[in-house]
Amino acid sequence: MTDGAAKHSGLGMAKKQRPAKPRVIVTRRLPPNVEARMAELFDASFNVGDQPMSRTELARAMAQCDVLVPTINDQIDAPLIAAAPDRLQLIASFGSGVDHIDLTAARARGIIVTNTPGVLTEDTADMTMALILSVPRRLAEGEKLVRSGEWRGWSPSGMLGHRIGGKKLGIIGMGRIGRAVARRARAFGLTIAYHNRHRLPFEVEQELEAEWIGDVDGLLAACDIVSIHCPLNADTRGLIDARRIALMRPDAYLINTSRAEITDEAALIAALDEGRIAGAGLDVYTHEPAVDPRLFSLANVVLLPHMGSATFEGRDATGARVIANIRSWVDGHRPPNQVLEGWV
């Protein structure tokens, strides 16, 4: 590797002393067994109250540790990174997305950033498939009707929804999760179309029986159900804006278990309220944990509390990946899940 290539990859930076038992600060509570293992291996401190850290608390934590373990709720921006002392050498994020961390600022300071890709693929795909079923079949409405005590029994015209077999599912972002969703959807009789930054190899398309559509506009216009699975970055922020929502058919549904900022939330709410699209299944929100109150009154929306990856198994696996990244770094190796510049 040339010196230039090493610098670009983050391997050519001046090496700092790595403590044998680093001071690790975790910003939220993790599964008990994960915290116990961290306490054995590292000088670890945990957020016992499990309340999101304020900006001041994050700055204080970053000043007192060798390794910070944040979650997607922690905005680690350029000013916070610039203010951190040289002691902070690793940001081992608990989760696969890194849009909450300014990677350019971290690289400029020689701070390594890691994530935990792949461990939540199946869990998120399961939840996506649940929403694909729930919205057209009105499962949330039906559950609320039973709980209300107002259900008057079966009738031929009661709680009619739409079958999903024979419909076309459009997937925006055919990475690990998008492909996992495609495999599930095929079993329910859905045909698959997708748009990706790069077209998949022919063999993968054949395996998934997936049709490539070269532009987002074409996919939105062609599909009965659209599911978002691309990462949030400069290219995808606001990707599904008012103009593109208008391309969807009035009987189409939008599913988002990725990042809310990929859609124009206000434009989506307006389209749902005016019946310009049939419904939506949402697990993410632009200002979460705050949810736009207009969504609460819309019967054609299923709302979930960002729980797409919320399984015991997934959280344990994520914690194990964080620990592996820290241990590899302590041992002087490049962490297996180091995020390099240009990550998407």
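**Entry 1, the core.** I began with the largest nonpolar core, which has 30 residues, and found that Ile172, Val226 and Ile240 have the most contacts inside it. Such a core is a set of buried Ala, Val, Leu, Ile, Met, Phe, Trp, Tyr and Cys residues joined through side-chain atoms within 4.5 Å. Buried means under 20% relative accessible area, exposed means over 50%, and partly exposed lies in between (1.4 Å probe, protein chains only). I then looked up which elements give two or more residues to this core: helix 10 (216-222), strand 9 (225-228), helix 12 (265-273) and strand 11 (279-282). Helix 12 supplies the largest share, five residues. Helices (H or I, at least four residues) and strands (E, at least two) are DSSP runs, numbered from the N terminus. I also noted a second, separate core of 26 residues, with Ala125, Leu169, Val181 and Leu208 among them.

Residues are numbered from 1 along each chain as its sequence is written, and side-chain values use heavy atoms, with hydrogens and water left out.

pLDDT is the predictor's confidence in each residue, from 0 to 100. The protein chain averages 93, and 94% of the residues score at least 70. Over residues 1-14, though, pLDDT stays under 50, and the model has 18 contacts beyond four places in sequence for that stretch. Contact means heavy atoms within 4.5 Å. Where pLDDT is low, the predicted coordinates should not be read in detail.

**Entry 4, strand 6.** I turned to strand 6 (residues 168-172), where four of the five residues are buried. Which strands does strand 6 run parallel to? One is strand 7 (residues 191-195), paired over five bridges, and another is strand 9, joined by four bridges. Two strands pair if DSSP finds at least two bridges between them. I checked two partners: Ile171 bridges to Tyr194 in strand 7, and Leu169 bridges to Ile225 in strand 9. Strand 6, helix 8 (residues 176-187) and strand 7 make a right-handed β-α-β unit. Right-handed means that, with the strands pointing away from the viewer, the path from the first strand over the helix to the second runs clockwise.

Most residues other than glycine have a negative phi, and most peptide bonds are trans. I found the bond from Glu288 to Pro289 to be cis, with omega near 15 degrees; Pro289 is in the loop between strand 11 and strand 12 (301-303). Met159 has a positive phi, near 55 degrees, and is partly exposed at 33% relative accessible area. His306 also has a positive phi, near 45 degrees, and is partly exposed at 24%.

Is Arg259 buried or exposed? Arg259 is buried, with a relative accessible area of 17%, and is found in the loop between strand 10 (253-256) and helix 12. Leaving out residues up to four places away in sequence, I saw that Arg259 touches Ile72, Gly97, Asp99, Leu232, Val284 and His306.

UniProt's unreviewed entry places the feature "domain: D-isomer specific 2-hydroxyacid dehydrogenase NAD-binding" at residues 129-308. UniProt positions are given in the numbering used here, feature names are shortened, and annotations may be inferred rather than shown by experiment. Over residues 129-308 the chain is 32% helix and 16% strand.

Methods:
Predicted model: local features only at pLDDT ≥ 70, side-chain atom pairs only at ≥ 80, totals over all residues.
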